[in-house]
Each structure stands twice: as structure tokens, then as C-alpha cells.
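Trainee: Before we go through this model together, could you set out the terms as we meet them?

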Protein chains: 2
Amino acid sequence: MAKDKIRRPRAETPKGFRDYFGAEVTARAAMLRRIAEVYHAYGFDALETSGVETVEALGKFLPDVDRPNEGVFAWQEDVEGAKPGDWLALRYDLTAPLARVYAQHRNDLPTPYRRYAMGPVWRNEKPGPGRFRQFYQCDADTVGAPSVAADAEICAMLADTLEAVGISRGDYIVRVNNRKVLNGVMEVAGVLDPSEPEKFAAERGIVLRAIDKLDRLGTNGVRALLGEGRKDDSGDFTKGAGLGAEQAEVVMGFMEARRDTAPETLARLRELVGGSAMGAEGVDELETIAALLDAQGMGPDRVVIDPSVVRGLGYYTGPVFEAELTFEILDEKGRPRQFGSVAGGGRYDDLVKRFTGQAVPATGVSIGVDRLLAALAAKGRSEAEAQGPVVVTVMDRDRMADYQAMASELRAAGIRAEVYLGNPKNFGNQMKYADRRGSPVAVIEGGDEKDRGVVQIKDLILGAQIAQNATLEEWKDRPSQIEVPRAELVARVRAMIEGQSS
Amino acid sequence: MAKDKIRRPRAETPKGFRDYFGAEVTARAAMLRRIAEVYHAYGFDALETSGVETVEALGKFLPDVDRPNEGVFAWQEDVEGAKPGDWLALRYDLTAPLARVYAQHRNDLPTPYRRYAMGPVWRNEKPGPGRFRQFYQCDADTVGAPSVAADAEICAMLADTLEAVGISRGDYIVRVNNRKVLNGVMEVAGVLDPSEPEKFAAERGIVLRAIDKLDRLGTNGVRALLGEGRKDDSGDFTKGAGLGAEQAEVVMGFMEARRDTAPETLARLRELVGGSAMGAEGVDELETIAALLDAQGMGPDRVVIDPSVVRGLGYYTGPVFEAELTFEILDEKGRPRQFGSVAGGGRYDDLVKRFTGQAVPATGVSIGVDRLLAALAAKGRSEAEAQGPVVVTVMDRDRMADYQAMASELRAAGIRAEVYLGNPKNFGNQMKYADRRGSPVAVIEGGDEKDRGVVQIKDLILGAQIAQNATLEEWKDRPSQIEVPRAELVARVRAMIEGQSS
């Protein structure tokens with residue numbers, strides 16, 4: 001009695017996690033393969049680290065440092081032979097593990113070390129509609145290359161990659177900026193003193209995140225965050241950077257410095273960074289990147305200099321870049337909006353230093369694979385739904401061996417096939433199953449057919465078309481079910497499938 | 001001052017985790033792709049669940065239930081919007097998540113639901129040499145199919161899959177048994193009373209795990225575990241099932257019931273299960289499976305009935321199977337040993353019932369992808385080491401754009417290529433880099449070459465061969481470095497690479 005009261009486990013994913021079925025999985029796998037091909041062609045080698053790292057190796061580099069929660073899934077080691085008490089966590093990106101790998105294996109790796117990596121990452125964030133706590137990233141990074149040629153190459157590769165996965169030229173733009181320019185501007189505005197780098201760190205962090213929210217909050221929202229702070233629609237107040245009106249104007253001017261051509265934008269940036277040596281260096285780097293991209297035929301239809309790109313992450317030290325899809329989609333309320341960012345990255349020269357004490361220059365990009373898949377789906381360009389298997393129906397459960405032999409023959413000929421393995425009593429259920437699987441053809445062999453050495457093959461695609469169509473006239477010449485000699489099974493099924501796709 | 005004393009993070013994976021580089025990653029990806037192709041041809045659809053599940057959904061089905069630790073990595077939810085206090089865990093296999101998925105989505109899924117899944121799973125076990133806490137599985141399961149035709153199909157597919165990934169016929173065997181037969185034997189031995197199924201549960205668990213250790217402990221070790229218990233080499237004592245000598249003999253007789261042919265083995269099993277109805281049903285099922293496999297041409301060189309296979313997992317309810325590689329490898333001490341198990345599975349009719357209260361028949365197989373890769377490597381049949389990129393060297397750092405243009409041209413022609421992005425000052429370092437990357441060709445264009453409109457292309461494979469060979473005579477006709485017009489760069493690099501592989 002008491003037993004019956006034991007509560008059954010809930011059949012649910014944890015909040016913020018989801019399942020992917022069939023074509024969702026294979027479309028992602030195909031996209032990852034295509035991205036890897038481009039990365040590989042550019043000379044990057046594969047690396048796969050585990051999902052679990054020590055918390056100390058990961059460090060705290062999540063963009064969302066405002067929140068009290070650290071944003072990772074973490075727990076303590078409790079097994080003998082490990083290091084009980086050590087904190088472990090799921091990786092939140094693929095860059096922190098790369099820094100750990102390079103520091104750990106640097107004597108065995110070539111320098112520069114160029115690697116790509118793909119896989120899930122986890123963020124312990126408040127789940128919400130469309131916000132998942134596990135998602136895929138696909139990164140490429142060059143570690144040990146001080147030259148901005150490495151950054152320019154990443155931008156070019158990002159543009160090539162987007163086209164390789166099916167985003168047409170004109171539907172995306174790679175935008176490039178440089179943190180050094182921003183630092184120069186902040187020096188001018190008085191929120192960075194090069195001789196005391198730590199002094200305004202908190203303010204600079206707020207400035208950075210404010211600029212990063214331009215898309216979402218608009219000019220006024222950013223201006224409020226640069227000043228005293230901002231109250232959002234729900235009434236929550238976010239403390240601002242405390243800049244004076246003039247200081248804020250300097251920063252706003254930076255964000256709006258983009259002009260029609262790269263030379264004009266660069267000239268405007270030179271004005272803004274004024275006497276800041278760091279700022280001038282940043283502009284020089286952008287100029288070099290622009291020249292390198294130009295030489296590779298990467299024009300402003302693919303990559304542009306855009307000072308409003310800053311990227312939220314605190315660890316970037318030089319060029320930063322972001323790929324944005326420029327076409328409009330409809331949001332959940334049916335309003336058109338730009339699809340937005342699908343990839344981003346930049347130069348981070350200090351991540352390896354955490355481990356080794358020596359600065360190692362590095363730069364890389366991360367593609368948000370799930371967002372990119374959503375974009376292709378929105379454009380109606382996702383992979384075609386995979387075709388279901390030919391279903392060999394079961395008319396006589398004592399002859400499973402015969403049916404299995406048919407499925408084997410079909411598979412040996414390269415045709416996806418299976419025997420119906422549910423309860424065969426109700427033939428209607430078998431047909432419903434074939435329909436649900438998107439099967440192109442069903443094979444039927446009852447006792448009568450068996451005796452006569454024939455099988456029935458049923459065209460399920462045609463059958464569905466006929467079912468939708470009141471006038472049967474036009475289907476007359478093409479029967480939806482035919483009887484063929486058993487020996488011709490494979491050839492006739494193949495012909496039927498080929499007829500469907502023609 | 002104090003700052004310098006801050007301890008740097010250790011650049012280490014947690015114990016029991018590791019990194020995979022280059023060809024290790026791509027070889028695994030290629031194997032997963034090949035396995036997926038076979039599963040797909042058999043009519044299975046892809047499913048990808050997240051790495052994280054609720055602890056209650058996962059349940060406790062790990063084979064190693066002896067240990068106090070539950071064997072999973074788990075933590076509590078602590079984020080608003082989730083369910084703070086709920087326990088989450090990394091999945092330890094792909095079967096438990098499948099049961100959850102089927103229970104959650106059963107109204108939207110076809111029945112039978114046939115899915116394959118691949119990805120990492122995590123076990124919170126004591127790490128040791130070669131024992132990793134994250135590893136890959138690749139599963140296929142049919143949910144909702146009561147017939148043992150589904151089990152027979154899984155066995156046939158497993159054999160086909162092993163051959164598809166490069167294991168030759170004769171180098172593997174799929175062994176099949178049935179838990180119902182074992183239960184019948186235990187009924188005869190008096191450790192199972194069909195009218196009181198819970199009564200001897202603990203003893204049966206010990207019997208099961210003891211039989212599963214036959215390979216490792218030998219006959220005497222198993223006999224000890226069936227009786228009072230066993231003291232291992234380290235002096236640790238494992239409590240036994242407490243069977244009397246006669247009872248233990250019955251169980252031992254079962255394990256050794258395999259005969260030369262399937263009919264003889266089945267006849268012997270019928271003797272052993274005596275009057276047990278459950279045991280007789282199990283033997284009938286094995287007979288059906290043998291007949292179905294036979295009809296598909298799966299002879300005893302590929303699949304055999306073998307009563308010594310039991311599989312450690314507690315949740316199996318009917319047929320169980322295991323794929324074993326039969327060739328010898330050398331262990332870490334240089335002694336030959338059989339490679340052993342690389343895949344296993346069976347029928348588990350009660351996993352979905354945990355959630356829904358209704359029994360749902362299911363059967364499936366899980367391939368240990370990392371072990372299978374190790375096996376292929378041991379046989380020298382792993383994927384060939386991937387070729388490194390053509391390296392365009394940097395002779396003049398002001399002409400990076402020229403070098404990038406060369407790399408772009410090569411890539412556009414389908415040749416993997418990159419510009420050297422490290423510090424170009426030392427040309428020797430550039431050559432060392434190319435060597436380390438396994439580059440086939442280096443491209444060199446100094447100021448002099450630029451002026452003359454030519455480039456040097458250097459055959460690094462040939463260069464390495466010459467370096468190893470004292471007599472240069474045989475290389476006379478094929479210089480390791482040639483000068484070619486800049487316009488012929490792509491064609492001549494391609495010809496050089498093709499010459500290397502011929």
C-alpha cells in the first residue's frame with residue numbers, strides 16, 4: 001500500500017535545458033562539420049577538452065559580473081584518488097580551457113598554437129524563454145601570435161565561415177574595433193590613468209558593459225549608465241559609472257565615430273584619442289587590419305571598422321570583433337527586428353599569464369552555433385528534413401525473419417529501412433507509424449503474397465498527395481501501390497523513391 | 001609585494017580528465033559519423049539531450065552499486081527561476097536520459113521510438129591509469145517494441161557497425177544471453193522466488209556482479225563471491241552472496257553452459273533451468289533470436305549465444321549482449337591479453353515505468369567509442385595522421401598582406417594553408433614550426449624573389465627524408481626546393497603535395 005504512494009520522478013529536463021530531435025541534431029552536426037572544414041583549411045588543428053575543469057583554472061571571466069551568482073555550475077570533489085574538497089565546474093566557454101591547455105602543454109605544442117574546438121558550454125544563469133543553460137560554441141584561436149595579422153586572419157575566416165554555412169554575402173557583416181582605442185578615449189575622458197591601471201577599473205567595467213548594451217538600451221540608456229545609473233522598466237536600478245556629462249560625451253562620441261569609409265572612421269578615431277599613446281596604437285592596429293583585409297579582397301561588404309563594438313568580456317586587450325546577421329526576422333510579437341550577433345571574439349593577451357606569469361598574445365573567435373542555426377531556420381535555409389526509413393510491415397508475426405531479410409537487403413543497397421517492431425496486430429497502427437516517421441515506402445507481404453512470390457510496395461508520399469486531393473484523375477497513371485516479384489523488391493523500391501524526388 | 005605572493009592557478013585538468021589533440025579528435029569524429037550512418041540506415045533517428053539532468057530523473061542505475069559514493073557529479077540548483085535546492089547531475093549514460101525523454105514526450109513520438117545518441121558521459125569514480133571520468137558513448141535503442149526481434153536486430157546492427165568502423169570479421173564476436181535464463185537458474189538454485197521478487201534482491205545483485213567479473217577474477221574468484229566472499233590481493237574483503245556449495249554449482253554450471261553450436265547450448269540451458277517457467281521463456285527467446293540472426297546471415301562467426309555474458313547493470317530484464325574484440329594486444333607490462341568488451345546492451349522493460357507507472361518494453365546497445373578507438377589504434381588501423389598546413393613563411397614583416405594573399409589563393413584551391421604568425425625574426429623558428437605542424441610544403445618569398453616575380457617552394461617531406469639518408473644520390477632528380485613563377489604558386493604546390501603521396 002505504502003509503496004503506491006512513493007512519488008514518481010518527474011520526466012522533465014532541468015529548467016533551461018532542452019532536448020534536440022532528429023533533423024535538429026543532424027543539421028547542427030552538419031554545420032559544425034562545415035565550420036570545422038573552414039577552420040581546418042586555415043591551418044587550425046582540433047582540440048577537445050573535457051566539460052569539467054577546476055574552478056581555479058577557469059577563473060572568473062563571464063561577461064555578466066553584475067550578478068551575485070558566479071554563473072557556473074560547480075561542485076566539490078568527493079572521491080578518493082581525486083582531490084577531495086577541490087572545486088570543479090562545467091566550462092562556461094572554450095577560451096578559458098584553451099588558456100589552461102596552452103599553459104599546461106606549452107612545451108609540447110607548436111608556437112603559434114592554432115586550434116579549433118567545438119562543443120557544449122554551460123552557464124548557470126536564470127533560465128528564460130529562448131535562454132538555455134547549455135549551448136554549443138565553435139571556436140578558433142591563435143595563441144602566441146603578437147601580430148594583428150592574426151586578428152585580421154580571424155576576421156577573414158569568420159566571414160568565410162558564415163558563407164560556408166549558408167549565410168549569403170550581404171546578410172552578415174563582421175565589425176571590428178580595438179579596446180586600445182576605447183582605452184585611449186577613456187584616458188581622454190579621465191576614467192583611465194595609464195600610470196595607475198587599477199584605479200578606475202570598476203568604472204571602466206561599467207562603461208564597457210554600458211556600451212555593449214547599445215543595441216538593447218539605445219543611446220539614452222547607455223548615457224544613463226555612463227552617468228549616475230539607470231532604472232529599468234521593472235523599476236530595478238543599475239548603478240552607473242559616475243561620469244560627468246562631458247566625460248560621457250567623449251565616450252558617446254567614440255561609439256558614434258563610424259563614418260562611411262574605413263579611412264574616414266580611422267581619421268575620426270585619431271581625433272578622439274587625442275594625445276593618448278595607447279589610443280594612437282589602437283588606431284594604428286585597426287589601420288593595419290583594414291589594409292590586410294583589403295589585400296585579401298575582404299571589402300566593407302564583409303568586414304568594417306565599427307567603434308560601437310566593444311564585447312562585454314573583461315579580458316580583451318586589443319582588437320575585438322563581432323559578426324552580425326543583418327537581415328530582419330520577426331520577434332515573438334511579430335515585429336521585425338535585426339537578427340543580431342552570432343559570433344564574436346578578440347585579442348586577449350593575459351589569459352595564459354594567469355598560469356605562467358608570462359604574457360602570451362592570443363586572439364580568437366567563438367561562433368554561437370545554436371543562434372546561427374536559428375538564423376538559418378528563420379531564413380528557411382536549414383537542412384532539408386531527413387527522409388524516414390522504408391518500413392517493412394509485419395503481416396505474420398511468425399515470419400519476422402523474412403521481413404528482417406527484406407530490410408537487410410534494402411540496407412545493403414544503401415536504402416534506409418527497418419521492420420515494424422511494435423505490436424503488429426493492428427495494420428492501421430503500422431501505417432500510422434510509417435506516416436509519423438516520414439517513410440517514403442511501405443513493404444507488405446502477407447501469406448497470399450508469400451505464396452505467390454510477390455510483395456506489395458506502397459508509395460506513401462504519393463498516397464499522402466492523393467489523400468489531399470479530391471480529383472483522382474491526375475494520379476491514374478501512377479498507382480500508389482504496386483505488386484512486384486519478391487526478387488525485384490530492392491530495384492522497385494529504389495525506383496519508387498527516385499520517382500518521388502523527381 | 002603581497003601581490004607577487006598570490007598563488008597562480010594550476011594549469012591542470014581535474015584528476016581523471018584529459019585533453020584530446022588533433023587527429024585524436026578527428027578520428028573520433030570520423031568514427032562517430034560512421035556509427036551514426038549505420039544506425040541511421042537501420043532506421044534510428046538522432047536525439048541529443050543535454051549533459052545535465054535532475055538527479056531524480058537519472059535514478060540510480062550505475063553498475064558499481066557497491067561503493068558508498070553514488071558515482072555521479074551532482075550539485076544543487078541555486079539560481080532564481082530554476083528550482084533552488086533541486087539536485088542536478090551530469091548524465092552517467094545515455095539510457096537514463098532516453099527513458100526520461102520517452103516519458104516526457106511519448107505523446108509526440110512514434111511508437112516504437114527508435115533513436116540513436118552520441119556524446120560524453122561522466123562518472124564520478126576514483127580516477128586511475130587509463131580510467132577517465134568523462135568518456136564517449138554512442139547508443140541506439142528501440143523503445144516500445146516487446147518482440148525479441150528488436151533485440152536480434154540490435155545484435156545484427158552491432159556486428160555491422162563494428163565492421164563499418166574497421167574491425168574485421170573474425171576480430172570481434174557479439175555474445176548474447178538472457179537474464180530470464182539466469183533468473184530461471186537462480187530460481188533452481190533457490191536465490192529467486194517468483195512469488196516474492198524482492199526477497200533475494202541483494203543476493204541476486206551479488207551473483208550478477210560476480211558473474212560479470214569472470215574475465216577478471218577467474219572461476220575461483222567468482223565461486224568465492226557466490227559463497228562467503230573474497231579477499232583480494234590488497235587484503236580487502238568483498239562480501240559474497242552466501243550461496244551454499246550446491247547452489248553455487250548450479251550458477252557456475254550456467255556460466256559454463258556454452259557448447260559448440262547454438263542448438264547444443266540451448267539444449268544445455270533447458271536442462272539447467274529445469275522446471276522454471278521464467279527460465280524456459282528465456283531459452284525460447286534466445287532460440288528466436290538465434291533463428292532471426294541466422295535468417296539474416298549472421299552466423300556464429302559474428303553472433304553467438306553465450307551464457308557467461310550477464311552485464312553488470314541491474315535494470316536488464318531479458319536478452320543481454322556484449323561485443324568483444326577477440327584479438328590480442330599487449331598490456332602495459334608487455335603481456336598479451338584479449339582486448340575485451342567494447343559495447344554492450346540489453347532489454348530493460350522497466351526504466352520508463354519509473355516515470356509513468358506503465359511498463360514500456362525497450363532494448364538497446366551502447367558502444368564505448370574511446371575503447372573502440374584504442375582498439376583500432378592497437379591494431380594500427382586508426383585514421384592516418386592528418387596532414388599539416390602549407391606554411392607561407394614571413395621574410396619581410398611589412399608584406400604580410402602579400403603572404404596572406406598567397407595563403408588565401410592556396411585555400412581557395414582546396415589546399416590547407418596558413419601564414420606564419422609567430423615572431424618572424426628567426427627564419428629557423430619558422431622552419432621548426434612547419435616541421436612541428438607536419439607541413440608538406442613551405443613557401444618563401446623574400447625581397448629578391450618579390451622583385452623577380454618568383455617564389456621558392458620547399459618540399460618538407462622530401463627534405464626530412466634527405467636529412468635521414470646519408471647518400472644523396474637517389475634524391476638528385478628531385479630537388480627539395482624549387483623556384484617557380486609567382487603565378488604558378490598554387491599549381492606547383494599542388495603538384496609537390498601530390499608527388500609526396502605517390
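Mentor: Helices (H or I, at least four residues) and strands (E, at least two) are DSSP runs, numbered from the N terminus. This is a predicted model, in which local features need pLDDT of at least 70, side-chain atom pairs count only at pLDDT 80 or more, and totals for chains, interfaces and linings use all residues. Residues are numbered from 1 along each chain as its sequence is written, chains are lettered from A and ligands numbered from 1 in the order in which they are written, and side-chain values use heavy atoms, with hydrogens and water left out.

Trainee: Is B:Val72 buried or exposed?

Mentor: B:Val72 lies in the loop between α2 (55-58) and β4 (74-76) of chain B. Buried means under 20% relative accessible area, exposed over 50%, and partly exposed in between (1.4 Å probe, protein chains only). Because its relative accessibility is 15%, B:Val72 counts as buried.

Trainee: How are the axes of α9(B) and α10(B) oriented to each other?

Mentor: The axes of helix α9 (residues 262-273) and helix α10 (residues 277-295) of chain B come within 9 Å and cross at roughly 170°. Axes are lines fitted to C-alpha atoms, for helices over the stretch in contact, and angles run from 0 to 180 degrees between N-to-C directions. Angles under 35 degrees count as roughly parallel, over 145 as roughly antiparallel, 65 to 115 as roughly perpendicular and the rest as oblique. The helices α9(B) and α10(B) are therefore roughly antiparallel.
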